[in-house]
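Here is a short report on one protein chain. Keep the sequence and the structure in view as you read.

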Amino acid sequence: MLLKLQKQKWDEWAIRAELRRRGFRFKEMAKESGFSASSLRGALSKPSTNVNRYIASILGVPTHELWPDWFDEDGELIPAKIRTKLSRLRSLSASHESRAA
């Protein structure tokens with residue numbers, strides 16, 4: 001029997017939980033990385049390219065999979081104006097889908 005693997009959906013809390021599960025703590029990560037603990041925590045809720053890349057490397061997951069709304073498939077930060085437009089399009093699409101259901 002073959003199991004179909006699904007990509008994990010990541011959000012701030014899933015990333016925190018996975019870091020914790022692997023034994024990482026923000027204070028220890030700060031000493032190791034040179035980023036402040038508050039910068040590490042903050043990067044989970046708003047983009048900070050270098051910090052996000054560091055967290056992604058620890059988890060072994062590409063930045064665009066952890067934060068698909070912020071990073072493109074090349075790992076480059078999507079400009080804020082484009083992120084805003086994409087977010088609006090996604091919410092419009094979701095509202096149309098819910099009305100159709």
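Which residues of helix α2 (residues 26-33) are buried? They are Phe26, Met29 and Ala30. Buried means under 20% relative accessible area, exposed means over 50%, and partly exposed lies in between (1.4 Å probe, protein chains only). Because the three cover an arc of only 105° around the axis, they sit on the same side of α2. That arc is taken from the directions from the helix axis to the C-beta atoms. An α-helix has 3.6 residues a turn, so residues three or four places apart point the same way.

This is a predicted model: local features need pLDDT of at least 70, side-chain atom pairs count only at pLDDT 80 or more, and totals for chains, interfaces and linings use all residues. Residues are numbered from 1 along each chain as its sequence is written, and side-chain values use heavy atoms, with hydrogens and water left out.

**The chain as a whole**

The chain has six helices and zero strands. Both are DSSP runs, numbered from the N terminus: helices are H or I with at least four residues, strands are E with at least two. Of the 101 residues in the chain, 28% are buried. The C-alpha atoms fill a box of roughly 50 × 45 × 25 Å, taken along the principal axes.

**Around helix α2**

Lys27, Lys31 and Glu32 are exposed, on the other side of α2. The buried residues of α2 pack against α1 (12-21), α3 (37-42) and α4 (49-59). Take Met29. Leaving aside neighbours within four places in sequence, Met29 is in contact (heavy atoms within 4.5 Å) with Leu19, Phe24, Leu40, Tyr54, Ile55 and Ile58.

Ser33 also belongs to α2. Ser33 counts as partly exposed because its relative accessibility is 23%. Beyond four places in sequence, Ser33 touches Leu40 and Tyr54. A polar atom of the Ser33 side chain lies 3.1 Å from the backbone nitrogen of Phe35. After α2 comes Gly34, with a positive phi near 90°.

**The core**

The largest nonpolar core has 22 residues. Such a core is a set of buried Ala, Val, Leu, Ile, Met, Phe, Trp, Tyr and Cys residues, joined through side-chain atoms within 4.5 Å. Helices α1, α2, α3 and α4 each supply at least two residues of this core. Helix α4 gives the most, with six residues. Met29, Leu40 and Trp67 are among the residues with the most contacts inside the core.

Where does Asn52 lie? It lies in helix α4. Asn52 counts as buried because its relative accessibility is 0%.

The whole structure holds three aromatic pairs. Rings of Phe, Tyr and Trp (its six-membered ring) pair if their centres lie within 6.5 Å; planes under 30 degrees apart count as stacked, over 60 as edge-to-face and the rest as tilted. Trp67 and Trp70 are stacked because their ring centres are 5.8 Å apart and their planes are at 5°.

The table lists relative accessible areas.

| Residue | Relative accessible area | Class |
|---|---|---|
| Asn52 | 0% | buried |
| Trp67 | 5% | buried |
| Trp70 | 14% | buried |
| Ser33 | 23% | partly exposed |

Definitions and conventions
A polar contact is a pair of N or O atoms within 3.5 Å; within protein, one must be able to donate a hydrogen and the other to accept it, and residues adjacent in sequence count only if both atoms are side-chain atoms.
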